[in-house]
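Hi everyone, thanks for making time.

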Amino acid sequence: DPPTVACQNLPRQKVVLDSEQLSFVVMAQDDFGVKEVGIVWRGLPDEDRPAHTPTAGERLLSAGGHDREVLEAAGVFCAQALGIEPQAIELRVYVEDYLSGRQRVYSPAYTLFVLDAEQHSAWLAEQLNRWHHQSLEVRDRELQLYEANKELRELPADELDRRETRKRIERQAAAERANGGRLSRLVNAGEQLVTEAARHPQFGVGHLEKWAEMLQILKDISANRMPSV
């Protein structure tokens, strides 16, 4: 049988600094021994830079042996250490066994967008501005829903039991669920972006404080107002 290979802790798609180190683990298996495991990469075409020549290369991670039916190897990807200039690349893990004529077996592709410090800073600013705009929309929408909820609560019992009011309440509940789902996704995305920005040495502290404050507002809405609704 052909060998098998799997990779842990390597994201399928990620924006990375060219100086950043991504650590991962490769698991390979073969019934007659794993010969070696490694990584290969190739640059993806760039429409904005048609004259750009995509990079390509490979690196051995670990040699195996005839007695190594299972091989676990630690890997580290760092664009600068591998001589990869900022660009989008496709990275794969490979495994070889000892069967004569057998081709390498490759893992699924991992897409990495390698950026230098200046590019990464600009990308972060764009992502965080977009997230901040979406956050303001969710917050404003929740305030609108909150005012409508107060109006509904003040209605007398006979008014609440009317068919038109019940439909209005159903629409209100659906809108709350939709906004609540969007809020949860924004909180998760915001935490990831703030963590990403905190790793960048050149990113302004003032910007981080601004977005961390908005993130705290969203968390407060999610933790306190949503459950009461």
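Let me start with a term: a salt bridge here is a side-chain nitrogen of Lys or Arg within 4 Å of a carboxyl oxygen of Asp or Glu. With that in hand, Arg42, Glu90 and Arg92 are joined in a network of salt bridges.

Before going on, two words on where this comes from. What you see is a predicted model, where local features need pLDDT of at least 70 and side-chain atom pairs count only at pLDDT 80 or more, while totals for chains, interfaces and linings use all residues. Residues are numbered from 1 along each chain as its sequence is written, and side-chain values use heavy atoms, with hydrogens and water left out.

Now the overall picture. The chain has four helices and nine strands; these are DSSP runs numbered from the N terminus, with helices being H or I of at least four residues and strands being E of at least two. What order do they follow along the sequence? The pattern is β-β-β-β-β-β-β-β-β-α-α-α-α.

As for dimensions, the C-alpha trace spans about 85 × 40 × 30 Å along its principal axes. The radius of gyration is 26 Å, whereas a compact globule of 229 residues would have one near 17 Å. That radius is taken over C-alpha atoms, and the globule rule is 2.2 Å times the number of residues to the power 0.38.

Next, contacts, meaning heavy atoms within 4.5 Å. If you take contacts between residues at least 6 apart in sequence, 73% of them join residues at least 24 apart.

And the surface? The chain exposes about 13,600 Å², with carbon and sulfur atoms supplying 48% of it; the areas come from the Shrake-Rupley method with a 1.4 Å probe, and for residues only the protein chains shown count as cover. Buried residues make up 38% of the 229 in the chain. I call a residue buried under 20% relative accessible area, exposed over 50%, and partly exposed in between, with a 1.4 Å probe and protein chains only.

Back to charges. Side chains of opposite charge can pair when their charged atoms come close. How many salt bridges does a search of the whole structure find? There are 13.

Take arginine 104 and glutamate 58 to begin with: their closest N and O atoms are 3.0 Å apart in a salt bridge. Arginine 104 sits in the loop between β7 (88–97) and β8 (105–106), and glutamate 58 is in strand β5 (residues 56–63), so this pair ties together parts that are 46 residues apart in sequence. Both ends are partly exposed, arginine 104 at 22% relative accessible area and glutamate 58 at 46%.

Arginine 182 is partly exposed at 31%, and glutamate 137 is partly exposed at 35%.

Then there's the salt bridge between the side chains of arginine 139 and aspartate 140, at 3.1 Å from N to O. Arginine 139 is partly exposed at 28%, and so is aspartate 140 at 33%.

Let's finish with a few single residues. Glutamate 196 is in helix α3. Is it buried or exposed? Glutamate 196 is buried, at a relative accessible area of 8%. Not counting residues up to four places away in sequence, glutamate 196 touches Lys14, Val15, His120, Trp123 and Leu124.

Serine 107, in the loop between β8 and β9 (110–115), is buried too, at 3%. Leaving aside neighbours within four places in sequence, serine 107 contacts Val5, Arg92 and Val93. You'll remember Arg92 from that opening salt-bridge network.

Serine 62 is in strand β5 and buried, at 18%. With the sequence neighbours within four places left out, serine 62 is in contact with Glu36, Val37, Leu71 and Ala73.

Last one: asparagine 9, in the loop between β1 (4–8) and β2 (13–17). Asparagine 9 is exposed, at 61% relative accessibility, and has a positive phi of about 70° although it is not a glycine.
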